[in-house]
Amino acid sequence: MTDRLTYARPRPTIGDPSSAAERALAPDAWALPDDLASLERVVGARRDIRRFRPDPVPDDVLTAVLTAGHRGPSVGHSQPWRFVVVTEAATRDAAALMADRCRLRQAAGMAEESARGLLDLRLEGIREAPLGIVVACDRRTPAAGVLGRATFPDADLWSCAAAIENIWLTARAHGLGLGWVTLFEPAELADLLGLPDGVETLGWLCLGWPDERPPEPGLERAGWSRRLPLEQVVMRERWTERDAPPSHLRAPGPDALVGARDRSDALLTVPGSLGVLDTVLDRVTALTAVDGPGTLVVAAADHAVTAHGVSAFATSVTADVARATREGTSMGAVAARAAGLDVKLVDAGIGCRRGDLVATDALDETTYAALLAQGRELGRALAGDGPVALGEVGVGNTTVAATVAAALLGASADAVVGRGSSADAAMMERKRDVVEQALARLTAAERRDAHAVLRRLGGGELAVLAGVVLGVAEGGGVVVLDGLATSVAALAAVRVEPGCAAHLVGGQRSRERAHAEVLRELGLEALLDLRIRAGEGVGAALATGLVKDALRLRREVARTSAV
């Protein structure tokens, strides 16, 4: 392959003609050095940027941009803006996950065609941009005490928007790109930064050297706005120097993310030609450990909750499917073999009927800790051998997974209970009753503690799978999720270590009612939507095969010249 032909880069006659190689050689080439003072030219060239280079923004340039914002017009000369400058990876990872969730929630509420159009759009660059600036509006001064706000109480928010425009134009004049991201639940973003009551956010500004040079607004093209000293209004990282979100793991940095996109830009194909897969591949190839055949990890356990009549099958089925998995003849094992994956079965409690959720905990503390550690060790060991697909076997575990989902999402039993393999109406009612009784046993504080939720409401296989996710993420690998059970285990892992989220791929969306919401909470768009209900990692194996095929495309498709 070393002597293969290199083709001339297809240069579009419309849109952005630049290549990744050109942008990498001169990340500041978008600057307007001839006439920075020309307001008309700068206003005409302002664009919403979603793709960024990882190169740092010099401190003096950042100060110039913030100073322009501080010089914005404000009603009553009130200067209500405060600029929180964010550089820490953990904060940006948490914010990016919030934006991913909101984007998917918004799409879920649209008509199918509109939703597909939204999902095709690139709407944020929080992880890639070297800087984040959150503009907050301090509304604690009564409106009646500020000239102009007695009649227009929201004029303070408008003033902050004007400050954003000044920031935007000045950034553009210096050759920086800026993107205004409002894909957040305002209260959630405010809590991330520790904003006090009475202070509201206007979204997140991504700031950095642009990795695109659009000639017109992206949404338009797709067919779809006495001075205090600067140091008094600029804060570093968050409002009150609060600690970063607790995570010992880090997602791939901007260099890795942009480097992966650079490599794909050199292919003889239109950028983004693989749709959702391109987004997944950019993230997957930014990880340190993606080579190798990969492994399907299937965790199996029985559940005492079946005594409440929540499953249409005998508990002996768990052991039968586990045995077939060992022998390579289960649905999951065969699907794994077709995808070129090894299979690893973990006995997480086959034949063990521990807690029934209604009256007793699923696992005691010692057993939970041991299973979590076992999964974590396995995940670390497998991380460097290619993608790790997750599967599970356990009669009754759709009820268990629904209960865990309800606790982690703060949802009701009605919102999470699905039919499982073959439930009828009467069984559905029993499942809802079990979920309600199980949730009632947890305090509000316990529902916020992912470990407590998994131990008290989960099961052996969920504990192992959560550990596998943590271990694979620690090893820099990628995890491909299957149905609801594997996804709630991953959600618990993300609640423990938010950095895990960047290592996850949504393999499929199952028939289970809560699965779509769990995927949205993880910020994931499923690769497959086939209404699979097999369990055992079948959907994850199929999706992993798809990812491996797409990776081969990137390796073997013809390359283009640098320009």
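Me: Which residues in helix 14 meet helix 18, and which residues in helix 18 do they meet?
Reply: In this predicted model, where local features need pLDDT of at least 70, side-chain atom pairs count only at pLDDT 80 or more and totals for chains, interfaces and linings use all residues, Val-400, Thr-403, Val-404, Ala-407 and Leu-408 in helix 14 meet Ala-450, Val-453, Leu-454 and Leu-457 in helix 18, contact meaning heavy atoms within 4.5 Å. Residues are numbered from 1 along each chain as its sequence is written, and side-chain values use heavy atoms, without hydrogens and water.

Me: Why is helix 14 called roughly antiparallel to helix 18?
Reply: Helix 14 (residues 397-409) and helix 18 (residues 450-457), their axes 10 Å apart, pack at about 155°, and angles over 145 degrees, on a scale from 0 to 180 between N-to-C directions, count as roughly antiparallel, so helix 14 is roughly antiparallel to helix 18. The crossing of helix 14 and helix 18 is right-handed.

Me: What classes of residue make up the contact of helix 14 with helix 18?
Reply: That contact has eight nonpolar residues, one polar and no charged, where Ala, Val, Leu, Ile, Met, Phe, Trp, Tyr, Cys and Pro count as nonpolar, Asp, Glu, Lys and Arg as charged, and the others as polar.

Me: What makes helix 10 and helix 22 roughly perpendicular?
Reply: The axes of helix 10 (residues 276-286) and helix 22 (residues 538-556) cross at roughly 80° and come within 10 Å; since 65 to 115 degrees counts as roughly perpendicular, that is therefore what the two helices are called. The contact of helix 10 with helix 22 has seven nonpolar, one polar and three charged residues.

How values were computed. Helix = DSSP H or I, 4+ residues; strand = E, 2+ residues; numbered from the N terminus. Parallel < 35°, antiparallel > 145°, perpendicular 65-115°, else oblique. Left-handed = near helix turned anticlockwise from the far one by under 90°.
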